[in-house]
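Student: I am new to this structure. Please pick a single part and take me through it closely, then show me how it sits in the rest.

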Amino acid sequence: MPESSKMRKPDVKVVLLGDTNVGKTSLLHRYTERKFKDTISTVGGAFFLKQWGPYNVSIWDTAGREQFHGLGSMYCRGAAAVILTYDVTNWQSLAELEERFLSLTDTANHDCIYAVVGNKADLTDTKAYLSQETPDANQTESEEHRSDVLSACPTPPASPVSISGVTFPKQVTREDALAFYGRILRYKGSDERTSLPAEKMCFETSAKTGYNVDALFEALFDLVLPSMLRKRNENQQSATVDLEVCRKGGGKRGRSTCC
Ligand SMILES: Nc1nc2c(ncn2[C@@H]2O[C@H](COP(=O)(O)OP(=O)(O)O)[C@@H](O)[C@H]2O)c(=O)[nH]1
Ligand SMILES: [Mg+2]
């Protein structure tokens with residue numbers, strides 16, 4: 001088998017979940033393309049393959065189906081990690097995670113890892129606003145102007161968005177997210193003392209500036225390594241079983257071709 005086709009089989013599945021417009025597609029786009037676009041279509045590829053060391057991670061986007069309440073139980077089936085995404089400026093987006101999306105994770109792996117991610121932190125947090133990676137071709141003129149203003153400031157202004165005249169109050173605090181993580185563990189019947197701690201699994205990100213985006217994905221990839229190892233072992237074992245079945249002439253296909 002050519003090396004390239006060997007590389008394409010995913011070892012593990014990571015799923016982005018959350019209400020429409022919270023920025024799931026933008027987060028994936030920022031991570032994979034290092035870019036942010038103001039308008040981006042979700043419709044298209046359902047998942048993206050990322051090579052992580054010797055492993056292949058598939059990262060699943062909703063392809064816009066969350067808009068029509070159309071995410072079935074298949075979406076999270078076999079997921080090793082789920083990124084539960086909300087918008088820090090929209091309280092309802094956190095409530096929706098609990099009301100509509102958490103139950104979709106029932107089909108995820110029993111040892112699935114959950115990250116709670118508050119996106120659009122640039123709208124409320126100076127630090128996130130300033131963490132613009134190298135400016136990309138899609139940056140608008142007004143954004144460039146705002147970056148100039150900010151870089152000219154000796155100390156960051158208290159409210160980054162007030163520069164554009166628009167303010168977005170932070171509707172979801174980090175404490176809200178930590179509390180939600182605790183409720184996820186209870187919903188899953190997991191013991192808080194042996195589970196990954198909330199402080200480690202709750203992130204605030206900005207797909208727009210790149211703030212915390214690499215940190216989020218890469219922390220998750222490291223955490224799902226044990227799942228990847230297990231899946232590889234399972235695959236190897238099932239290959240051995242198949243060979244045994246063939247040798248003994250067992251299995252439906254074996255019998256029908258013999259007789
Ligand atoms: N300011 C800001 N806007 C964002 C951010 N992420 C996404 N958006 C915008 O929010 C809207 C919805 O983003 P999208 O990625 O399509 O959300 P999805 O429906 O969850 O996939 C788009 O207009 C994006 O440009 C962010 O981190 N900061
Ligand atoms: Mg989308």
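Tutor: Start with the names. Helices (H or I, at least four residues) and strands (E, at least two) are DSSP runs, numbered from the N terminus. The model is predicted. Our part is the loop between β5 and α4, where Ala121 lies. Strand β5 spans 113-119 and helix α4 spans 126-130, and Lys120 is in the loop between them too.

Is Ala121 buried or exposed? A residue counts as buried if 20 or more other C-beta atoms lie within 10 Å of its own. Ala121 has 26 C-beta neighbours inside 10 Å, so it counts as buried. Lys120 has 25 other C-beta atoms within 10 Å, so Lys120 is buried as well. Its backbone deserves a look: the phi of Lys120 is positive, about 70°, although Lys120 is not a glycine.

Now see what Ala121 touches. Leaving out residues up to four places away in sequence, its contacts are Val88, Ala128, Glu204, Thr205, Ser206 and Tyr211. Next, compare sequence and space for Ala121 and Lys208. They are 87 residues apart in sequence, yet 8.9 Å apart in space, C-alpha to C-alpha. In the protein chain, residues 24 or more positions apart account for 75% of the contacts with a separation of 6 or more.

Asn21 sits between β1 (12-18) and α2. Its phi is also positive, near 85°, and Asn21 is not a glycine. Asn21 has 16 C-beta neighbours inside 10 Å, so it counts as partly exposed, whereas Lys120 is buried.

Look at Ala115. Not counting residues up to four places away in sequence, Ala115 touches Ala81, Ile83, Leu84, Met201, Phe203, Leu216 and Leu220. Ala115 also belongs to the largest nonpolar core, which has 54 residues. Val14, Ala81, Val82 and Ala115 have the most contacts inside that core. In soluble globular proteins, nonpolar side chains tend to be buried together.

Two of the partners of Ala115, Leu216 and Leu220, take us to helix α8, residues 213-223. The buried residues of α8 are Val213, Leu216, Phe217, Leu220 and Phe221. They cover an arc of only 125° around the axis, so they lie on the same side of α8. An α-helix has 3.6 residues a turn, so residues three or four places apart point the same way. The face of α8 turned away from that buried side carries the exposed residues Ala215 and Asp222.

Helix α3, residues 91-101, has its own buried set: Ser93, Leu94, Leu97 and Phe101. Their arc is only 105° around the axis, which puts them on the same side of α3. The buried residues of α3 pack against β1, β4 (81-87) and α6 (174-188).

Last, the whole chain. It has ten helices and six strands. Of its 259 residues, 36% count as buried.

Definitions and conventions. Residues are numbered from 1 along each chain as its sequence is written. Chains are lettered from A and ligands numbered from 1 in the order in which they are written. This is a predicted model: local features need pLDDT of at least 70, side-chain atom pairs count only at pLDDT 80 or more; totals for chains, interfaces and linings use all residues. A nonpolar core is a set of buried Ala, Val, Leu, Ile, Met, Phe, Trp, Tyr and Cys residues joined through C-beta atoms within 7 Å. A residue is buried if 20 or more other C-beta atoms lie within 10 Å of its own, exposed if 12 or fewer, and partly exposed in between; C-beta atoms are placed from the backbone. Two residues are in contact if their C-beta atoms, placed from the backbone, lie within 7 Å. The arc is that of the directions from the helix axis to the C-beta atoms.
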